Amino acid sequence: MSDAIIEVRNLSHWYGHIKAVDSVQFEVKKGEIFSFLGPNGAGKSTVINILITLLPIQHGEARIAGYDVARDPEKVRDSIGIVFQETTLDRDMTVYEILEFHGRLYSMSKDSRRTRIDELLTLVELEAKRNTLTKHLSGGMKRRLEIARGLMTRPTILFLDEPTLGLDPQTRLKTWEYIKMVNADGTTIFLTTHYMDEADHLSDRISIIDRGKIITSGTPWDLKNRLGEDVIYMETTDDKRTEALIGKETEVRSIKRKERGISVMIQGDGTRVLPALMEKVREAGIGVEAVNLKKPSMDDVFVHYTGRQIRDEGLVQSVTKQVAGKE
Ligand SMILES: Nc1ncnc2c1ncn2[C@@H]1O[C@H](COP(=O)(O)OP(=O)(O)OP(=O)(O)O)[C@@H](O)[C@H]1O
Ligand SMILES: [Mg+2]
């Protein structure tokens, strides 16, 4: 038997004529933190909504905790906790009431509700806010409360759709900590995000999804190292000329223009290529103002596979230039 707790085969979904999910296939192992990393409109929420039985399966198969999503939706719902992309907290209920109501909805006994609420408020550090109305909580506190609510029924799997969307950097770090704690406690986590660092930092494995399709999957380490490319960042007195000049070198796979400077993807070992490139630039009379060599980041992985970058405001065409004939 496979140790997969989520199994998805050939899943496709249409909204009218729009194919939002296109033959998606993946497995999540018990105990993992698994992420869908992709830009706005990639199909992440659609896949989650199918898996949590909120949308019907149109095509393909999915099993959650051994139960078929189409045939056993109730069993599936009993195995999962959900934190939706949009806040779904009643503004006029207190923190305690939100959790209490959720426990009742799932027919938890009075005693187990009480113990569980105490445990969870400690976990997400909201004891002091127990009797506060949710409309008076900060964005980060709301997110933590939603995570706590998702955990009320001790689910086997917790689905988190964009858990840190719109949170400030400090609150995001804190939320990552809670997610790791929940996972260490034995809960399998499926999360979606468009934050590269979030996927990189949290995940045991990542699938990059774009326009409804999974483009590549692997551990963060695998994804970054599989590129086999180091990246040289350069700021010069004439970036445009530098780009044209070194774009011709055989070791250069592609060049990406940044706000300042350029990022040069290197085929092979950057430490060996860098001196030759510097020499060439200097010979052409161009001044080098800053230079830095680094291993590929998740951002580079994403650009490599999609040719585009994810930005907060959506998807922005990058000026990545694949150097002809170097694939
Ligand atoms: N209810 C709907 N009706 C019609 N089209 C929809 C609906 N929901 C989503 N879509 C479309 O399906 C595609 C996938 O949307 P989805 O919400 O799954 O993407 P996402 O990856 O979750 O995006 P985001 O990062 O913005 O949350 C998009 O093109 C979107 O416009
Ligand atoms: Mg979404």
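**Aromatic cluster, sheet and domains**

Visitor: Which residues form one aromatic cluster?
Guide: This is a predicted model: local features need pLDDT of at least 70, side-chain atom pairs count only at pLDDT 80 or more, and totals for chains, interfaces and linings use all residues. Residues are numbered from 1 along each chain as written, chains are lettered from A and ligands numbered from 1 in written order, and side-chain values use heavy atoms, without hydrogens and water. Rings of Phe, Tyr and Trp (its six-membered ring) pair if their centres lie within 6.5 Å; planes under 30 degrees apart are stacked, over 60 edge-to-face, the rest tilted. The cluster holds F26, F34, F36, F159 and F190.

Visitor: Why is the pair of F34 and F190 called tilted?
Guide: The whole structure has 7 aromatic pairs. In this one the ring centres of F34 and F190 are 5.6 Å apart. The pair is tilted because the planes stand at 45°.

Visitor: How many residues apart in sequence are the parts that F34 and F190 tie together?
Guide: Helices (H or I, at least four residues) and strands (E, at least two) are DSSP runs, numbered from the N terminus. F34 lies in strand β3 and F190 in strand β8. The separation is therefore 156 residues.

Visitor: Are F34 and F190 buried or exposed?
Guide: The cut-offs are under 20% relative accessible area for buried and over 50% for exposed, with partly exposed in between (1.4 Å probe, protein chains only). Both F34 and F190 are buried.

Visitor: What geometry do F36 and F190 have?
Guide: F36 in strand β3 and F190 in strand β8 are 154 residues apart. Their ring centres are 5.2 Å apart. Their planes stand at 65°, so the pair is edge-to-face.

Visitor: What is the strand order of the open sheet?
Guide: Two strands pair if DSSP finds at least two bridges between them. The sheet has 6 strands with mixed pairing. Its edge strands, β6 (80-83) and β10 (213-218), each pair on one side only. The order is β6-β7-β8-β3-β9-β10.

Visitor: Which residue in β8 stands opposite L160?
Guide: Strands β7 (residues 157-161) and β8 (residues 188-193) pair in the parallel sense over 5 bridges. Opposite L160 stands L191.

Visitor: How far from the ring centre of Y195 is R172?
Guide: A charge sits over a ring if NZ of Lys or CZ of Arg is within 6 Å of the ring centre and within 35 degrees of the ring normal. R172 lies over the face of Y195, at 4.0 Å.

Visitor: What distance separates the centres of domain 1 and domain 2?
Guide: Bounds come from an automatic or database domain assignment. It gives domain 1 (4-223) and domain 2 (227-322). Taken over C-alpha atoms, the centres are separated by 36 Å.
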